[in-house]
Amino acid sequence: QYINVAALDNVTYQVVVYHTTTSHTSAFDLVITASVGIFQNITMFTSGNIAATGSIAGDQKSITWIVPTLPYFTGSRVFVANLTAQILTNVLPNTPGIVVNATTTYDTLPSSLYNLSGRQYSCSNVSDALVIPVPSMDFLLGNVSSSLVAYPSLTINEPFTVLMSILLPRPMYSALI
């Protein structure tokens, strides 16, 4: 989990699709989709380490990569790409479920072979949740003097409201999904 993530921070996620130990052949026609919820927008992506095309949806809530082949015998057996999502200003402290969902569908035969497809498979995963911290503050009123203009009749132990503006740090984080 990532702590101290705030509105307008950019969070980079890494999407990795790979052959498992039970795989014995290449995968074809991969469609890899990653989606974010209402508190993030996808702003950037990389196309990956092997031949692939990618595009961000118009609402910036999902990205889709098309990978013609994830080879088993030669070349890279792993597809690795990054997406960057910005935390939106509608996020509140302790908002649950700020994650990225990723799904991959693939085929056992290339679609270009006899214009037929093989068996269709899919797999999915969810990133760790981001943590939007709750600011913790304390205020101490030591003395009250008649120089208080806004509350000239304020006395010791009388409750009042203080409005403050706080700028929290905005670090970059990476996540593996």
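Reader: What share of the 177 residues of the chain counts as buried, and what does buried mean here?

Author: Of the 177 residues, 29% count as buried, a word kept for residues under 20% relative accessible area, while exposed means over 50% and partly exposed lies in between, with a 1.4 Å probe and protein chains only. The model is a predicted one, in which local features need pLDDT of at least 70 and side-chain atom pairs count only at pLDDT 80 or more, whereas totals for chains, interfaces and linings use all residues. Residues are numbered from 1 along each chain as its sequence is written, and side-chain values use heavy atoms, with hydrogens and water left out.

Reader: Why is threonine 84 called buried, and which residues does threonine 84 touch?

Author: Threonine 84 has 8% relative accessibility, and therefore counts as buried under the 20% limit. Leaving aside residues up to four places away in sequence, threonine 84 touches Asn10, Val11, Thr12, Asn41, Ile42, Thr43 and Met44, where contact means heavy atoms within 4.5 Å.

Reader: What makes β4 and β8 the edges of the open sheet?

Author: The open sheet has five strands in the order β4-β5-β2-β7-β8, with antiparallel pairing; strands are DSSP runs of E with at least two residues, numbered from the N terminus, and two of them pair if DSSP finds at least two bridges between them. β4 (53-56) and β8 (120-126) each have a single partner strand, so one side of each is left without a neighbour in the sheet.

Reader: How do you know that β2 and β7 pair?

Author: Seven bridges join strand β2 (residues 27-36) to strand β7 (residues 100-107), and the two run antiparallel; since the definition asks for at least two bridges, they count as a pair.

Reader: Why is the pair of tryptophan 65 and phenylalanine 79 called edge-to-face?

Author: Rings of Phe, Tyr and Trp (its six-membered ring) pair if their centres lie within 6.5 Å, and planes under 30 degrees apart count as stacked, over 60 as edge-to-face and the rest as tilted. Tryptophan 65 and phenylalanine 79 are 6.1 Å apart centre to centre with 65° between the planes, so the pair is edge-to-face. Tryptophan 65 lies in strand β5 (residues 62-70) and phenylalanine 79 in strand β6, so the pair ties together parts that are 14 residues apart in sequence.

Reader: What makes tyrosine 106 and tyrosine 121 a stacked pair?

Author: Their centres are 5.7 Å apart and their planes 20° apart, which is within the 6.5 Å limit and under 30 degrees. Tyrosine 106, at 26% relative accessibility, counts as partly exposed, and tyrosine 121 is partly exposed with a relative accessible area of 38%.

Technical notes: Helices (H or I, at least four residues) and strands (E, at least two) are DSSP runs, numbered from the N terminus.
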